[in-house]
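Me: I'd like to learn how to read a structure like this one. Take me through it feature by feature, please.

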Amino acid sequence: MEARVSQSLQLSSWINSDKVVRKPSGLLRFSEKWNEKPRHRIVVSCHLQPRKAARSDRRVQLKVSCSSQNVQASVLESGCFSASIDEIETLKNKAEEVEEYLDGRCVYLVGMMGSGKTTVGRILAETLGYSFFDCDRLIEQAVGGTTVAEIFELRGENFFRDNETEVLHKLSLMHRLVVSTGGGAVVRPINWRHMHKGISVWLDVPLEALAKRITAEGTKSRPLLHGESGDVYDKTLKRLTTLMEKRGENYANASARVSLENIALKREKDVSHITPTEITLEAFETLEVLVMFCFCYALDM
Ligand SMILES: Nc1ncnc2c1ncn2[C@@H]1O[C@H](COP(=O)(O)OP(=O)(O)O)[C@@H](O)[C@H]1O
Ligand SMILES: O=C(O)C1=C[C@@H](OP(=O)(O)O)[C@@H](O)[C@H](O)C1
């Protein structure tokens with residue numbers, strides 16, 4: 001148990017370990033107060049589980065809660081991802097380089113439904129030492145715990161979009177966040193004004209791959225995909241194609257684009273075999289170029 005904890009600390013050295021509390025279960029818990037912004041308090045629990053079969057693979061599990069003057073503390077997000085030790089090290093090194101130049105600016109992930117904004121966003125946040133927020137979850141909380149699908153059904157899309165804008169506005173006043181936005185957040189210009197306070201990354205995934213993921217997951221939680229008859233994959237692909245025709249230009253407003261097709265070409269793999277960790281690494285490499293360029297030429301992102 002001691003070994004596991006000390007390994008966790010080594011591998012997660014980007015986490016400030018000053019106030020680490022060891023739980024008997026192997027969980028590490030620490031809280032970090034930002035001195036310069038004492039109204040924020042972030043609590044992170046971290047558990048690294050070594051895999052028995054492949055010693056170089058680990059599952060990293062994090063729970064993050066955040067409280068500020070106006071927001072009640074609650075567990076906001078938790079998740080886990082698999083990565084080899086080498087990948088964790090590479091991600092950590094890249095995160096350190098990028099973090100310095102990001103200078104606390106928030107990272108907003110945009111892209112179609114199912115493009116991996118939540119999955120990749122969690123890994124980006126964990127490696128950067130940022131907090132992670134999913135806009136859809138915040139909208140659900142703001143509306144009193146109802147689901148996105150219920151909000152669409154009972155209050156309509158405009159009501160949902162107004163709440164989405166309000167959530168993005170609140171987030172744009174904060175620092176050191178990775179935000180997974182809803183697929184339609186790119187449509188309203190006002191949302192871009194909020195997101196341009198930070199740096200935005202478009203996860204560009206071929207529609208066929210999206211349709212496959214969404215079909216596997218089910219369309220229940222995605223109201224814009226409800227209501228057409230026929231084969232689930234076909235109708236999802238059809239709906240995504242229509243949405244993409246309307247939104248393509250809006251996604252291109254993002255400061256950076258991470259294309260799954262390009263990663264697949266570079267790695268000589270099929271798009272469907274590109275892992276979230278590989279996408280996060282590509283996102284860091286793209287961000288690195290961008291933040292260094294903007295830093296050198298004193299440009300806004
Ligand atoms: N690189 C990937 N390869 C395969 N499946 C993925 C990948 N990234 C995410 N997924 C899966 O696709 C689905 C949608 O991902 P999610 O992160 O929720 O997307 P979004 O937040 O953009 O809607 C989830 O079931 C997730 O596990
Ligand atoms: O594309 C869209 O308009 C939407 C995407 C969803 O978020 P995800 O992209 O996280 O699925 C959610 O905000 C809502 O169902 C509308």
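Me: What gives the most to the shell around ligand 1?

Reply: A residue is near a molecule or strand if its C-beta atom, placed from the backbone, lies within 6 Å of it. Here α3 contributes the most to the shell around ligand 1, with three residues. Labels like that come from DSSP runs, H or I of at least four residues for helices and E of at least two for strands, numbered from the N terminus. Keep in mind that this is a predicted model, where local features need pLDDT of at least 70, side-chain atom pairs count only at pLDDT 80 or more, and totals for chains, interfaces and linings use all residues. Residues are numbered from 1 along each chain as its sequence is written, while chains are lettered from A and ligands numbered from 1 in the order in which they are written.

Me: How many residues surround ligand 1, and which are the closest?

Reply: There are 15 of them, and Gly116, Lys117, Thr118, Thr119 and Arg213 are the closest. At least two shell residues come from each of α3 (117–128), α8 (207–217) and α11 (276–296). To sort a shell by class, take Ala, Val, Leu, Ile, Met, Phe, Trp, Tyr, Cys and Pro as nonpolar, Asp, Glu, Lys and Arg as charged, and the others, Gly among them, as polar. That gives four nonpolar, eight polar and three charged residues around ligand 1.

Me: Which residues surround ligand 2?

Reply: Its shell holds Met113, Lys117, Asp136, Val148, Gly182, Gly183, Gly184, Arg222, Pro223 and Leu224. Sorted by class, four are nonpolar, three polar and three charged.

Me: On to the sheet. What is the order of its five strands?

Reply: Strands of a sheet pair through backbone hydrogen bonds, either parallel or antiparallel. For a pair to count, DSSP must find at least two bridges between the strands. This open sheet reads β7-β8-β6-β9-β10, with parallel pairing. β7 (131–134) and β10 (256–259) sit at the edges with a single partner strand each, so one side of each has no neighbour in the sheet. On average, neighbouring strands are turned by 20° against each other, direction ignored.

Me: How many bridges join β6 to β8?

Reply: Three, with β6 (residues 107–110) and β8 (residues 177–180) running parallel. Valine 107 has valine 178 of β8 as its bridge partner, and tyrosine 108 stands opposite valine 179 in β8. β6 is also joined to β9 by four bridges, again in parallel, and there valine 110 partners tryptophan 202.

Me: Which way do the residues of β6 point?

Reply: Val107 and Leu109 point one way, Tyr108 and Val110 the other, and all are buried. Burial is a neighbour count: 20 or more other C-beta atoms within 10 Å of a residue's own means buried, 12 or fewer exposed, and in between partly exposed, with C-beta atoms placed from the backbone. Buried residues make up 35% of the 301 residues in the chain.

Me: How do α5 and α6 pack?

Reply: Axes are lines fitted to C-alpha atoms, for helices over the stretch in contact, and angles run from 0 to 180 degrees between N-to-C directions. Helix α5 (residues 148–155) meets helix α6 (residues 157–171) at about 125°, with axes 7 Å apart. The two are therefore oblique (under 35 degrees is roughly parallel, over 145 roughly antiparallel, 65 to 115 roughly perpendicular, the rest oblique). Ile151, Phe152 and Arg155 of α5 make the contact with Glu157, Phe159 and Phe160 of α6, where contact means C-beta atoms, placed from the backbone, within 7 Å.

Me: Where is aspartate 103?

Reply: Aspartate 103 is in the loop between α2 (85–102) and β6. Its phi is near 55°, a positive value in a residue other than glycine. Aspartate 103 is exposed, with 10 other C-beta atoms within 10 Å. Glutamate 268 likewise has a positive phi, about 50°, without being a glycine, and its place is the loop between α10 (260–267) and α11. With 6 C-beta neighbours inside 10 Å, glutamate 268 counts as exposed.

How values were computed
Contact = placed C-beta atoms within 7 Å.
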